[in-house]
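Q: Could you take a close look at one part of this structure for me? I'm new to it, so please walk me through it slowly.

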Amino acid sequence: MHGWRRARLTERTKQTATGRTLTFEVPHWPGHLPGQHVDVRLTADDGYQAVRSYSLAAPAGAGGDRIELGVQATFGGEVSPYLADDLPVGAEVEVMGPLGGWFVRTPQDRGPLLLIAGGSGVVPVMAMLRARAASASGDPCVLLYSVRAPDEVWYATELDAVAEGVRVRLLYTRTAPEGSRRPAGRITADDLLGMPPPTDTHCYVCGPTAFVEHAGELLLAAGYGPDRIRTERFG
Amino acid sequence: MGDLSPGFHGKSHAFAGRLPPGQYPTESFPVLSAGPTPDIPTGRWSFTLTGEAGESRSWSWDEMMALPQEEPTVDIHCVTRWSKFDTRWRGVPLDVFLDAMETAADFVVAESFDGYTTNLPLEDVTDGKAWLAHSFDGFALSPDHGGPARLVIPHLYFWKSAKWVKGLRLTLDNEPGFWESAGYHDYGDPWREQRYWSD
Amino acid sequence: MTEHPLYVDGNALAGPLGEVFAVDPTTAWRLCPSCRLPATLAQLHVYGPEPGLTARCPGCAAIALRIVTQPEYLWLQLGGGAGAFRFTLPAVAPDVRRP
């Protein structure tokens, strides 16, 4: 159905010490929905191949044949450190996609949006947030973004200046900035107070498995229906 | 292939004579899983040998620990391309269990508490080539590595060394196991690089 | 190295299954025969990726399907039993254009 396409790295942006945004040019890219991902395939000289999934950060139509992927380098990893730091700009890899029709927000979807991200899990929900910010929708949209410390925030500048009607709340788990009212710690039920109501809000949760499990339990306890919570665990 | 992902080598390289083809050495001990880690207290653990006619013989944890023990130090090779040298185990040679039953079987299926299975020729788990191991590197085997007890069959790819093993079933015919029935090689010799069904 | 086996969501199966399905399989529903929990393929808990992908019911962990990808083949086994299907993958995908 999909097939592998060649993708040329055109730009690499440092987001955090180990997080990178990679922009690839993919001829004849068919477009994608916020929340979708691609599989990236690397090929060594001896023919050995490795495939990993990466979320698409920018919404469809943002850049024609360009796609933006978020890559978090994991220590000792086989693929992510290579993509994060070693693949030369101008070189090619193969991608398959766009993939996935479940963890997506379509332009037809209406109603308040509650996005909950842990660490680099912000990448696919950022595509949703950007699409919402670019739309004429008046529906509330909140991003709860859990990070260990201020220097681990992706898209920091962009998040400081989001569109009207979009709220971003950072939840620091280890080190909070000076003067912050919320003590450092993982997401709690209190962090869901004042969020868009459970009645018609769609929730998207993405992050490490343990984070998604915990946030999902908090949402259910706060009355959000399981049919309105979609998750993307990345291990 | 040469023009794709330049500078990507994967993780392979040479350790002449000791590293099977296509493997790379690692100091760590990766955990591969096909499901949740089962929790098996040793008080509820038992190991059962089942003959081809259905007769069986079981050992409790304490009975197993009272059997003759060995401490093999062996190299292990995972089909996902990592190899780990000089791993130290403690356990019971499978001969000790198999000697307890007369059999005409040529094959054995290892069965685990989580439903995992793997098939082996009987001759590959006898004569000191395979162990039921309960300790790794001097400590009780941790659940993520197959504790309380797993098989260790170092001359075959490590998926044959079933984690959380609960018994061996002797069979007259070869019965493909969990991975063997989904594309992996029936025998799995790392030196002949028998990774997949067609290798 | 982690102490706990981690799993991801069935979303991750979109790529490998996309090689053999004409319709996005991740939105397909499955009623678990063991615990009766309905779930989309995207909601299954997926262990792996190596030596293969094992997708399990999020309610009771019963095996829903397994996938093993080789350079030339994709093996798909539905349910927990034996009898996998071996699909031959195209040698060069039609969309791959060499410069």
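A: Let's start with β1(A) and its partner β2 (residues 19–25) of chain A: the two pair in the antiparallel sense over 6 bridges. Strands here are DSSP runs (E, at least two residues), just as helices are runs of H or I with at least four residues, and both are numbered from the N terminus. To count as paired, two strands need at least two bridges found by DSSP. Within this pair, Leu9(A) sits opposite Phe24(A) of β2(A).

A quick word on the source: this is a predicted model, where local features need pLDDT of at least 70 and side-chain atom pairs count only at pLDDT 80 or more, while totals for chains, interfaces and linings use all residues. Residues are numbered from 1 along each chain as its sequence is written, and chains are lettered from A and ligands numbered from 1 in the order in which they are written.

Now zoom out a bit. The pair belongs to an open sheet of 6 strands in chain A, ordered β4-β3-β6-β1-β2-β5, with antiparallel pairing. β4 and β5 (66–72) of chain A are at the edges with a single partner strand each, so one side of each has no neighbour in the sheet.

The contact takes 22 residues from chain A and 22 residues from chain C, where being in contact means C-beta atoms, placed from the backbone, within 7 Å.

Key. Two residues are in contact if their C-beta atoms, placed from the backbone, lie within 7 Å.
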